[in-house]
Amino acid sequence: MAVPARDASDGRPAGGGPAGGGPAVRIASPTGKWILLTTVLGSGMALLDSTVVNVALPTIGRDLDASLAALQWTVNGYMLSLAGLILLGGSLGDRFGRRKIFVLGVMWFAAASLLCGLAPNVGVLVVARVLQGVGGALLTPGSLAIIQASFHPDDRSRAIGLWSGFGGVGAAVGPFLGGWLVDGPGWRWVFLLNIPVALVCVPVALRHVPESTGDTARPTESAGTTGPRGAGSGGAPAHRRFDVLGAVLGALSLALVTYALIEAPSGSPLVPVTAVAGVATGVAFVYVERRRPDPMMPLDIFASRQFTAVNLVTLCVYAAFGGFFFLTALQLQVVAGYSALQAGTALLPTTALMLLFSARSGELSQRIGPRIPLTVGPLLCATAMLLMLRVGEDASYVADVLPALLVMGLGMVTLVAPLTATVLASVDTGRAGLASGINNAAARAAGLVAVAALPLLTGMGPEAYRSADAFDAAFRRAMPLCAGVLVVGAVLAFTTVRRPAPGCLRPECRRHGSLTTPPLEPERSRGVLGGRGSPGSEPSGAGPAS
């Protein structure tokens, strides 16, 4: 049984309730440090597995005699379940307890990682990756929600900043670590490494993290008083039905479309059937979300033109990023002759620039508005992708690879922080977590569709990654396509994004290192809940209150 966490100054129980009166853990207290440790470790596992696998793909393909389509599924199986279920994962934490769902997610993720590491063939590996994504959808929003629900309001922003910063360091180290493991103990340790991390994370969470739910009282930002969720006129009930149907339809639509794109080169008669079924399921998802009183993704949030516009920009830029990093890890190894370690290390400059300058980029966009950064950033990234056309057989890292990755890093620094800030500024304060969750899921969905579609669009055969000439030819067709999608994103940003109103919501995750998703932001409260007028909103990592 977990012992209630105590405040460093006055020993009040943390996590709200009659005795605590709201979250009370101070960041300098032992409990605060333990909470940061376990949330960083938990979310770090999910973040690492979204980045390190790319550098292991050629070795996995050779070891398991896998086709290119199987390698695509190895990447997309994880992204598919994570993108489709991350909004539901936040709601589960609100209902059943954030610590409980977080611990369940970590244990699930570790079990799936063990199955990945022991997979005898690529079919088992793909199934295990899908299961990993389910665990990631449970623990990723839970880690942020735990921080938001546990820490004293005076320390909350700093705690979120540390969580985000350490996560960025993990994202930077991930490809390097993955490459070292692939070249050393073997690719299976990319997954097996998660098990000792989980063995540390779970007992620390059970011992030191206070439990909280959607019913836990907490102070609002505008006043130091507490109020239970849903109290007051017009408040939503604390517990509503889960939108399981919406989650299933959303994930199924992505899965069917992904299958059609990946399997299209095979000429299977199932391809047109699954393509049509995927579109029909997507239409059914929109219908269900429009009709339900408590949808997973309330469609009225898209009534904000700014929110809709910035999500369209997100789809463009993160589709290009997903395709770029998937193909670049293969290009460096298959064509340029890099080892897995060298390929992973090669990507470090891009992440390092993100970590060092993302906060300053956010401050700049606050002064000049998001329109210019969201236009210039994608254009810089498009330039970087065209520079990657210089990377061929025996390419020089300093002369050919590094310039492209530095320009890519500068472009991502320019656009990622303003993108997140614009998402938050375009919705009501009480919908910050929901808006961030939708934007994060959109980025993941765009990346998985790009990984599925690019080999089809560039004519990659099932054995293309085994031939340097064949892969290089397809890579040279793919980079202009990715650059073109980024140009479309830049044009959308220039024509649709406007400067937010003064005093609007600002991101709390100011340092960010992930190359394939925007940062998640916590739920906020200022006397409203999702624009419904509830006086005491609760933190949720992503997704609507359940």
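**Exercise 1. Classify the burial of Asp 243 and identify its salt-bridge partner.**

Step 1. Asp 243 has a relative accessibility of 3% and therefore counts as buried; buried means under 20% relative accessible area, exposed over 50%, and partly exposed in between, with a 1.4 Å probe and protein chains only. The model is predicted: local features need pLDDT of at least 70, side-chain atom pairs count only at pLDDT 80 or more, and totals for chains, interfaces and linings use all residues. Residues are numbered from 1 along each chain as its sequence is written, and side-chain values use heavy atoms, with hydrogens and water left out.

Step 2. The partner of Asp 243 is Arg 292, with the closest N and O atoms 3.1 Å apart. A salt bridge requires a side-chain nitrogen of Lys or Arg within 4 Å of a carboxyl oxygen of Asp or Glu.

Step 3. This pair links distant parts of the chain, 49 residues apart: Asp 243 is in the loop between β2 (226-227) and α10 (244-263), and Arg 292 is in the loop between α11 and α12. Helices (H or I, at least four residues) and strands (E, at least two) are DSSP runs, numbered from the N terminus.

**Exercise 2. Describe the aromatic pair of Tyr 318 and Phe 321.**

Step 1. A pair of aromatic rings is described by the distance of the centres and the angle of the planes. Rings of Phe, Tyr and Trp (its six-membered ring) pair if their centres lie within 6.5 Å; planes under 30 degrees apart count as stacked, over 60 as edge-to-face and the rest as tilted.

Step 2. Tyr 318 and Phe 321 are edge-to-face, at 5.3 Å centre to centre and with 85 degrees between the planes.

Step 3. Both residues belong to helix α12 (residues 305-335), where Tyr 318 and Phe 321 are three residues apart, about one turn of the helix. Tyr 318 and Phe 321 are both buried.

Step 4. Phe 324 and Phe 325 also form an edge-to-face pair, with 5.0 Å between centres and 80 degrees between the planes. Both of these Phe residues are buried.

**Exercise 3. Characterise the span, bend and burial of helix α4.**

Step 1. Helix α4 (residues 68-96) has 29 residues and reaches 40 Å from its first C-alpha to its last, close to the expected 42 Å. The expected span is 1.5 Å times one less than the number of residues.

Step 2. At Leu 85, α4 bends by about 50 degrees, the bend being the angle between axes fitted to the seven residues ending there and the seven starting there.

Step 3. Of the 29 residues of α4, 26 are buried, so the helix is largely enclosed by the rest of the structure.
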